[in-house]
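Keep the 3D view open while reading.

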Amino acid sequence: MRRQFTGILAVALGLGVLGTALLAQQSADAVAPEATTESDGVFGALSDAAAAALASKDAGTPVEGQNWMVAAANPLAVEAGARVLREGGTAADAMVAVQAVLGLVEPQSSGLGGGAFLVWYDATSDTVTTLDGRETAPLEATPTLFQTADGETMGFFDAVVGGRSVGTPGTPALMQTAHDKWGRSDWAGLFSDAIALAEGGFTVSPRLADLVAGGAERLGRFKATQEYFLPGGTPISAGDTLVNDAYANTLRLIAAEGADAFYTGPIASDIVATVRTAAGNPGVLSRADLALYKVKERAPVCVPYHAHEVCGMGPPSSGALTIGQILGMLDGYDLAALGPDSAEAWRLIGDASRLAFADRGLYMADSDYVPMPTQGLVAPEYLQERGQLLSGDDALPEVAPGTPEWDHAMQLAPDESIELPSTSHISIVDSYGNALSMTTTIENGFGSRLFVRGFLLNNELTDFSFRTHADGRPIANRLEPGKRPRSSMAPTIVMTDGAPSLVIGSPGGSRIIGYVAQAIIAHVDWGMDVQQAVAMPHLVNRFGTYDLEDGTTAANLETALSDLGFEVSVRGLNSGLHAISIGESLSGGADPRREGIALGE
């Protein structure tokens, strides 16, 4: 009955074929273990509000609120953030509580051992700013860290698993910095939910259990990791109660002493020892790297799109620049009139994305280390010029980087880095009018697979290019000591008439950019509410192949896009979008492909 109602709703709203794919996607998710939401027993005991939020997502309808809203990837984490907001905390306070729980119940995606980017709208000053909590390369790391003795690049997972791939974590410092700048709640109290769940045990979700089972071989290579995720050699199962006393003790130290407890003292010593003694693949992280780590506040990248301004994280993330380029190139085309069922609309979106990714591959990296034409890449006249390339009738036969205005002699080669899907996203609006969008990660699923003091360490260094040069020219995203690897994370706040109107972001590796751009177009141009926008089928084109989400009506466009000249692949596209729209009230949406919810009052 639920399936019939969803289809009727989509038709009634005029969403057409792709809109009715809400039905197909939710039907598939209802039987997929990683997205089971039929009972709050999947996550243990949940509040009535959280159970209702799960039901709302399952029905394809947004959650409404008047005062505050939080959307994240696990109901237990969302409830922790809701408690903080209900008690008068800010979005920054709630983020700390949400992240602390996510690191416990969704350890494969983010946690204390990783990094994050945060975009903040401050209601008091009416400004947008960003915090860069990206991991850094150790000072002892060399540009050839991921090359063999004969100069060949290592296999990806040969590099990932072990200490070699671990960068200096930034998440604890970002949590502290955000709280210091914008928090109102007592710092120590923000960890109480996570500590209680770690000590009392939490219910293993279907998604975590499936991912552990699928990754058992690599998780079993290190003793501490194996003992936690594969006790007695058997993967943890959905419904198991998992206790993590080590994590509770780590959080207690951070709650009592602040983030300094992570970057100095016994926690730092244990992290370094774990990295440098990792069997078969040790790393070079040092106590000095941890002690020297700093979060950087940076200006946002904001690009106009129709009557809106789309603001996000600049370098070392490529997210805001690439999304800004995609939308900027499309600004002169009437996507609203074409609608979401139009192959022509997706031709425009796909080729705009290809052009943006060409620029991304050549120019984008940590601008503290590499000169970048940041302003030139999103200059209106440059995007208009690039947008004119879309004026034909068929797919572009080939794309190349453009030549944005730049006061530097460009001698760079295209990047070759690999970025696989994982990560998590948090969107929050508080009762004071502040808005927070934060994408948080340990990079690959389960990161480096090194487990210390109750949390996993990242493999973020593999986001660098394994090669340093190509055809005699340096690669912008090459590894250098202290440098931050390029990311695709795209925490975004859309501004309308000077105020935030949409808070959004997603996991998904380099496909994050396409997921977020598509959801913005769906909401702004096609009039979808936030739940419809995050649930609609995905069509993503980065490097030429048009990926269409299998099991949805996106696949119905395969022939039409092929006829336009695109190479097409129908495949799984597992985003994790979490969005909040802001108008007369708050409206929250959570991606049905994952386990999260939106919750508000």
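A crossing counts as left-handed if the near helix is turned anticlockwise from the far one by less than a right angle, and as right-handed if clockwise. The model is predicted. By that definition, helix 5 passes helix 7 in a left-handed crossing. Helix 16 passes helix 20 in a right-handed crossing.

Two packed helices are described by the angle between their axes and the distance between the axes. Here are both pairs.

| Helix pair | Crossing angle | Axis distance |
|---|---|---|
| Helix 5 (residues 91-105) and helix 7 (residues 171-182) | roughly 155° | within 8 Å |
| Helix 16 (residues 319-330) and helix 20 (residues 380-387) | about 65° | 8 Å |

Take helix 5 and helix 7. Angles over 145 degrees count as roughly antiparallel, and the crossing of roughly 155° therefore makes helix 5 roughly antiparallel to helix 7. On helix 5, the contact residues are Ala92, Asp93, Met95, Val96, Gln99 and Ala100. They meet Thr171, Leu174, Met175, Ala178, His179 and Trp182 of helix 7. The contact has eight nonpolar, three polar and one charged residues.

Now helix 16 and helix 20. Their angle of about 65° makes helix 16 roughly perpendicular to helix 20. Gly324, Gln325, Gly328 and Met329 of helix 16 touch Tyr382, Leu383, Arg386 and Gly387 of helix 20. This contact has three nonpolar, four polar and one charged residues.

Last, helix 4 (residues 75-86). Its twelve residues reach 16 Å from first C-alpha to last, close to the 16 Å expected. Ten of the twelve are buried, so helix 4 is largely enclosed by the rest of the structure. Among the buried residues are Glu79, Gly81 and Leu85.

Conventions
Residues numbered from 1 in each chain as written. Predicted model: local features only at pLDDT ≥ 70, side-chain atom pairs only at ≥ 80, totals over all residues. Heavy atoms only, no water. Axes fitted to C-alpha atoms, helices over the stretch in contact; angles between N-to-C directions. Helix = DSSP H or I, 4+ residues; strand = E, 2+ residues; numbered from the N terminus. Parallel < 35°, antiparallel > 145°, perpendicular 65-115°, else oblique. Contact = heavy atoms within 4.5 Å. Nonpolar A, V, L, I, M, F, W, Y, C, P; charged D, E, K, R; others polar. Expected span 1.5 Å × (residues − 1). Buried < 20%, exposed > 50% of the residue type's maximum accessible area, 1.4 Å probe, protein only.
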